Amino acid sequence: MYDAEVSVDVVVSAKVDAQASFARTVSASCAYVQESSRRPAVLGPGGVFDAEAAETCAVAEVAAALSVSTRTVSEWLFLTRTAHRAVAEAFDAGLLAYAAFRTVCRSVAGVPNATEELLQRVIAAASRCTPGAVAAAVDRILAEFDAEWHRIARGRATTERYVSVRKLPRGQAELKVRGPAEQIAGMKRAIVEAARGVCDPSSLPARLFDAAHAIITGTPLPCDCVDESCAHAPSPAAPAHHAVIVLDAATAAGWQGNPVTSSVGVRFLRTWPGESPGMRRGRR
């Protein structure tokens, strides 16, 4: 427990310590995988050591021990192997949260002639940003450093488009769409515009979801309001019509000679959905 007179400096120090602690977990995990991958414990066909299979087994072992996915551990391995030394050191020191470390690594990957000064600028900017603002802040720095490379890199990034689904508790799920910012912004505007056109009493987040579902699936946008003039209100159910043929006993028995032209009467009864003609006669 901290003292009652805790200062902002203490909070920042605790944050750095926590980030450094997680960095040690990542570093130790990667070291264990790399060390285990060198042990000839996994043999392939013919008794030949299979380094790739050994690494896969070690990754699965670490993932199970830490209750994370094998994809997460594999990402740790890739980033620690490819990160610039300055970026890795900043992460180890707790200056960068893992999310910021990952974004910085991906952003500066492939930058030609990345100088120490550039990397320190990027690290300083990323350490001051909220997680969601790191990418934009780093992008601005890289665009100033090498505008031509940045333009080409942005063009190549347009191929990185995908949709993924993540399961959540209580029967929920999350849909994630990744692609060019302009197209994502266009999708968001279409969803917001559709949601604003509904006078449903639901909360705005719920209306946004309903609008997104309607747009993606091509179904009408629902509205639970009671205003009959609302364009999205459900249409009142139309009454059904039933033809009831009335025959007298003699005609039904064929005693009148021509049952088609004898005493035949037709009445049309109107019933509402869920109501049978018998119910209709009962309420006449």
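Is Val-163 buried or exposed in this predicted model, and what is its relative accessible area? Val-163 is exposed, because its relative accessible area of 55% lies over the 50% cut-off. This residue is found in strand β1.

**Nonpolar surface**

Val-163 belongs to a nonpolar surface patch of about 680 Å², to which Val-165, Leu-175, Val-177, Met-187, Ile-215 and Ile-216 also contribute. Two or more residues of the patch come from each of β1 (162–167), β2 (173–178) and α10 (204–217).

In soluble globular proteins, nonpolar side chains tend to be buried together. The largest nonpolar core here has 36 residues, and Val-87, Leu-96, Phe-101 and Val-104 have the most contacts inside it. At least two residues of this core are supplied by each of α1 (8–37), α2 (51–66), α3 (70–82), α4 (85–92), α5 (98–108), α6 (116–128) and α7 (134–145). Beyond residues up to four places away in sequence, Leu-96 touches Gln-19, Val-87, Ala-90, Phe-91, Phe-101, Ile-123, Ala-126 and Ser-127. A second, separate core has six residues, among them Ala-195, Val-198, Ala-214 and Leu-221.

**A buried serine**

Ser-36 lies in helix α1. With a relative accessible area of 12%, Ser-36 is buried, because this value is under the 20% cut-off. Neighbours within four places in sequence aside, Ser-36 is in contact with Ala-54 and Ala-58.

Technical notes. Residues numbered from 1 in each chain as written. Predicted model: local features only at pLDDT ≥ 70, side-chain atom pairs only at ≥ 80, totals over all residues. Heavy atoms only, no water. Core = buried A, V, L, I, M, F, W, Y, C linked by side-chain atoms within 4.5 Å. Buried < 20%, exposed > 50% of the residue type's maximum accessible area, 1.4 Å probe, protein only. Helix = DSSP H or I, 4+ residues; strand = E, 2+ residues; numbered from the N terminus. Contact = heavy atoms within 4.5 Å. Patch = residues over 30% accessible without salt bridge, like charges linked within 9 Å, V, L, I, M, F, W, Y side chains within 5 Å. Areas by Shrake-Rupley, 256 points an atom, 1.4 Å probe, with all protein chains shown as cover. Salt bridge = Lys/Arg side-chain N within 4 Å of Asp/Glu carboxyl O.
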